[in-house]
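Work through the exercises below with the sequence and the coordinates at hand. Try each task before reading its solution.

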Amino acid sequence: CQVYDVGHDPKGDNFKINDDKTVSDQGQPDIAGLKNKSSLVVWRDERDGQLEIYGQIMDTTISFIGKNFKITQFYKKIYCRWPAVSASDHGFYIVVWADNRKGDWNIYGQKIQTDGKFIGNNFQINETSKENCNHPTVACDPNGNFLVTWWSSGKGNTIAVHAQYFNKNSKPIGKNFLVGDNNTGDIKQIDPVVNIDSNGNSIITWLDYRNGEIGRASCRERV
């Protein structure tokens with residue numbers, strides 16, 4: 001990790017986030033911060049012999065609050081990947097990732113306080129467990145609601161981008177929905193990214209292989 005000041009100049013040196021003493025792989029980091037409060041770094045971690053999601057809270061001086069902590073709660077053989085995190089102005093973080101605790105790849109989430117304590121337990125985001133779901137991203141709106149997106153492979157060669165709204169209590173608002181407007185035939189939509197503006201409008205972008213070409217498409221929704 002490297003900190004930069006408002007003038008884009010580095011403050012201090014590179015420093016390591018993971019605190020394990022073993023020879024293990026870490027990867028796919030993401031970070032989100034709350035103004036004048038804290039930041040949360042999340043990543044995929046193999047220190048326990050399986051791929052899980054870990055996190056570390058840092059205060060405004062970039063000092064660690066506590067130690068690295070495990071975000072995934074399923075402790076048997078499990079593989080997790082592609083963590084993403086977003087910070088809510090209502091004083092919490094929401095972390096999402098893909099894991100195979102049920103055999104297929106599903107999208108899970110966890111709400112976390114600014115001190116690293118869990119709010120509730122891991123919860124599944126996609127409604128259908130028979131599809132392989134991957135690469136989730138998440139964004140929070142000004143009211144504490146949040147929107148999660150991911151891509152999932154269905155029948156045949158279909159790979160489509162899905163999304164789900166949640167309220168500030170992590171309860172679904174409506175059901176999972178398709179994001180693209182080209183959802184029939186041999187479709188391939190991957191790598192979605194979501195953002196929500198200060199008015200609660202959301203925009204999702206993704207890579208789309210429609211018409212035999214690769215391009216970046218977008219869809220605008222209102223939270």
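A nonpolar core is a set of buried Ala, Val, Leu, Ile, Met, Phe, Trp, Tyr and Cys residues joined through side-chain atoms within 4.5 Å. Buried means under 20% relative accessible area, with a 1.4 Å probe and protein chains only. The model is predicted: local features need pLDDT of at least 70, side-chain atom pairs count only at pLDDT 80 or more, and totals for chains, interfaces and linings use all residues. Residues are numbered from 1 along each chain as its sequence is written, and side-chain values use heavy atoms, without hydrogens and water.

**Exercise 1.** Find which residues of the largest nonpolar core touch the most other members.

*Solution.* Start with the 17 residues of this core. Leu-40, Ile-71, Val-85, Tyr-93, Val-95, Trp-97 and Ile-112 touch the most other members. S4, S5 (52-59), S7 (80-88), S8 (92-99) and S9 (106-113) each give two or more residues. Finally, look apart from this core: another one has 15 residues, including Trp-105 and Phe-123.

**Exercise 2.** Trace the pairing around strand S12 (residues 146-153).

*Solution.* Two strands pair if DSSP finds at least two bridges between them. S11 (residues 132-140) pairs antiparallel with S12 over seven bridges. Thr-137 has Thr-149 as its bridge partner. Last, check burial: seven of the eight residues in S12 are buried.

How values were computed: Buried means under 20% relative accessible area, exposed over 50%, partly exposed in between (1.4 Å probe, protein chains only). Helices (H or I, at least four residues) and strands (E, at least two) are DSSP runs, numbered from the N terminus.
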